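Let's take a walk through this fold together. Have the sequence and the 3D view open side by side, and we'll go from the whole chain down to single residues.

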Amino acid sequence: MALLRLSLFRLIHIALVSGICLAADPSVSYDLKLSYQTASPLGVPQQVIAVNGKFPGPLINATTNYNVAVNVHNQLDEELLLTWPGIEMRHNSWQDGVLGTNCPIPQTWNWTYQFQVKDQIGSYFYYPSLNLQRASGGFGPIIINNRDIIPIPFAQPDGDIILMIGDWYTRNHTALRAALDAGKDLGMPDGVLINGKGPFKYNDTLVPDGIAYETVTVDPGKTYRVRVHNIGTSTSLNFRIQNHNLLLVETEGHYTVQQNYTSLDIHVGQSYSFLITMDQNASTDYYIVASARFVNESLWQRVTGVAILHYTNSKGPATGPLPDPPNDVYDKSMSMNQAKSIRQNVTASGARPNPQGSFHYGSINVTDVYVLQNVPPVTIDGKLKATLNGISFINPGTPIRLADQDNVKGDYKLDFPSRPLDRPPQADTSLLNATYKGYIEIILQNNDTVMQSFHVNGYSFFVVGMDYGEWTENSRGTYNRWDAIFRSTTQVFPGAWTAIQISLDNPGVWNIRAENLDRWYLGQETYMKIVNPEENGQTEMARPDNVLYCGALQYKQKKQSNSSSTSNIPGELRLLFTLMLALYVAIFSFS
């Protein structure tokens with residue numbers, strides 16, 4: 001009998017471990033601890049947000065259809081949420097990590113995000129979504145690999161290189177927040193960081209001594225996949241590598257027509273993959289540059305990030321001037337034409353075996369049209385605010401789907417206007433009432449004086465057109481209806497418009513926002529609410545077992561005794577554990 005018990009115990013143990021590790025699709029799990037630490041990326045000691053003691057944070061690495069669990073520990077002195085732009089959270093906006101979908105994680109608490117990277121591949125990043133925290137760090141890269149059965153549309157690279165670029169202030173996010181709350185502009189950034197480090201000393205006047213800089217070491221003759229993310233606050237950056245071509249192959253999870261660029265404008269929140277072949281003679285090291293765009297570049301010279309590309313057989317350090325930025329002071333169409341040149345590779349397979357171009361978006365009838373207009377910040381009730389269609393968004397007290405399911409009244413309104421209204425600007429919690437299975441066209445009309453980036457959570461969209469001036473119905477004649485790039489973050493030039501189209505097949509509540517942190521903080525956002533009227537539990541997931549409660553439902557929230565990973569074991573695994581334990585007890589009881 002003892003031998004039988006031992007055998008049964010081993011069988012139960014194997015089954016339990018198999019249930020955790022070999023569920024319907026493979027799983028990966030991460031623990032991310034966000035805390036403050038002191039760093040001096042631009043030579044000035046300041047408080048940054050580290051993840052697991054690293055700045056930037058560690059890589060989250062998964063493969064198409066993997067289940068991902070990320071246990072986030074809040075060791076800051078304020079509330080926290082992480083968001084995952086570009087990760088579509090299919091049928092599961094409960095994991096999206098913004099205030100319209102989630103209650104924030106309190107100080108000293110932890111919370112586990114659980115989601116599947118369903119039918120996705122590509123290059124992304126995560127970051128804290130509250131209160132300008134991203135301006136102090138807390139971000140890190142995400143890679144979703146192709147499954148082995150799906151070929152990539154280029155030869156397997158010899159290595160992977162991640163570069164996180166972004167403008168940077170030596171004031172931390174609380175000081176920047178205070179400036180905006182006081183009605184002030186954030187002003188010129190103090191520099192640009194590459195992988196959390198300041199510029200190589202390419203200029204004795206502009207770069208002080210003692211700055212740590214990033215060095216990327218490569219082997220001659222090899223080809224690397226270089227993934228570049230603009231995780232900055234508000235500045236578009238031109239990315240280039242001295243004497244090397246950038247072969248663009250992917251942006252935000254979708255393969256592009258492969259074409260070479262000497263440099264590429266990368267706007268706030270955008271991600272790109274390049275194939276770069278190390279084909280130079282290595283007489284010296286080479287500059288990697290990320291410099292500010294669409295500003296007075298003579299005044300903004302210090303807002304330049306410089307890293308070093310070092311061949312293993314390099315004969316000396318990089319010297320001399322940086323490679324030239326685009327010379328388009330008198331040609332405002334150059335950057336826009338570059339953006340239009342980025343097109344989808346319609347014959348390549350993405351996450352699934354069918355070609356990316358098999359979804360013939362150009363022949364689908366548009367069911368709803370929204371023109372979202374932004375203007376320079378305005379004063380509403382004595383406070384500086386940013387708006388869309390004259391509305392500065394107020395975050396709901398209770399996350400929207402929680403409010404729906406628990407009958408919280410007055411939490412929000414479904415009355416976001418489809419066009420700008422002729423009325424004074426106002427602050428409100430106004431949502432788009434979008435139609436499930438509809439096909440929506442959104443025109444982003446930027447009547448502000450600065451470059452803007454816009455992001456839509458839960459979806460990728462087709463960037464079908466952009467141009468200067470005011471969008472009109474006749475503008476549709478310029479649309480790309482065949483191979484428009486499919487992505488989740490797009491630039492909108494000042495005094496111009498960008499048109500995007502979205503197939504609304506992902507029910508839930510999804511944020512539409514400016515990725516420029518100052519404009520987002522000041523209210524330049526809204527949400528789409530998309531509900532299947534015949535919902536039967538199959539198209540939208542139920543709230544997770546570990547859901548946090550706040551606002552009108554705060555009374556339902558239980559105290560968390562400590563920050564531990566076991567307090568957030570997913571419900572399915574707890575159920576499996578309970579069943580196995582019950583079986584084990586039953587066997588011993590009847591023996």
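This is a predicted model: local features need pLDDT of at least 70, side-chain atom pairs count only at pLDDT 80 or more; totals for chains, interfaces and linings use all residues.

Residues are numbered from 1 along each chain as its sequence is written, and side-chain values use heavy atoms, with hydrogens and water left out.

Start with the protein chain as a whole. It holds six helices and 33 strands; these are DSSP runs numbered from the N terminus, with helices being H or I of at least four residues and strands being E of at least two. Along its principal axes, the C-alpha trace spans about 85 × 65 × 50 Å. The radius of gyration is 25 Å, which agrees with the value near 25 Å that a compact globule of 591 residues would have. That radius is taken over C-alpha atoms, and the globule rule is 2.2 Å times the number of residues to the power 0.38. Of the 591 residues, 56% are buried, where buried means under 20% relative accessible area, exposed over 50%, and partly exposed in between (1.4 Å probe, protein chains only). As for contacts (heavy atoms within 4.5 Å), take those between residues at least 6 apart in sequence: 78% of them join residues at least 24 apart.

Now look inside. In soluble globular proteins, nonpolar side chains tend to be buried together. Here the largest nonpolar core has 102 residues, and Trp84, Phe274, Ile502 and Met528 have the most contacts inside it. Such a core is a set of buried Ala, Val, Leu, Ile, Met, Phe, Trp, Tyr and Cys residues joined through side-chain atoms within 4.5 Å. Strand S18 (residues 286-292) gives the largest share of this core, with four residues. What does Ile502 touch, leaving aside its neighbours within four places in sequence? Its contacts include Gly438, Val456, Phe461 and Met528. There is also a second, separate core of 29 residues, with Leu132, Met164, Leu193 and Leu522 among them.

Next come the sheets, where two strands pair if DSSP finds at least two bridges between them. S9 runs parallel to strand S12 (residues 223-230), joined by seven bridges, and Asp160 stands opposite Arg225 in S12. To S10, S9 is antiparallel, with four bridges; there, Gly166 has Leu193 as its bridge partner. Further along, strand S14 (residues 246-251) and strand S17 (residues 271-277) pair in the antiparallel sense over three bridges, and Leu247 stands opposite Leu275 in S17.

A five-strand open sheet, also of mixed pairing, has the order S11-S19-S18-S13-S16. Strand S11 (215-218) and strand S16 (264-266) are the edge strands, each pairing on one side only. Tyr287 stands opposite Ile308 in S19.

Then there's the disulfide, a pair of cysteine sulfur atoms within 2.5 Å. The count comes to one, joining Cys103 to Cys550 with S to S 2.1 Å. The two residues lie 447 residues apart, Cys103 in the loop between strand S5 (82-83) and strand S6 (110-116), and Cys550 in the loop between strand S33 (525-531) and helix H6 (571-589). The torsion about their S-S bond is about -85°, so the disulfide is left-handed. Cys103 is buried at 5% relative accessible area, and Cys550 counts as buried at 13%.

Finally, find Asp119 in the loop between S6 and strand S7 (122-128). Is Asp119 buried, exposed or partly exposed? With a relative accessible area of 28%, Asp119 is partly exposed. Leaving aside its neighbours within four places in sequence, Asp119 is in contact with Thr64, Asn65, Ala351 and Arg352.
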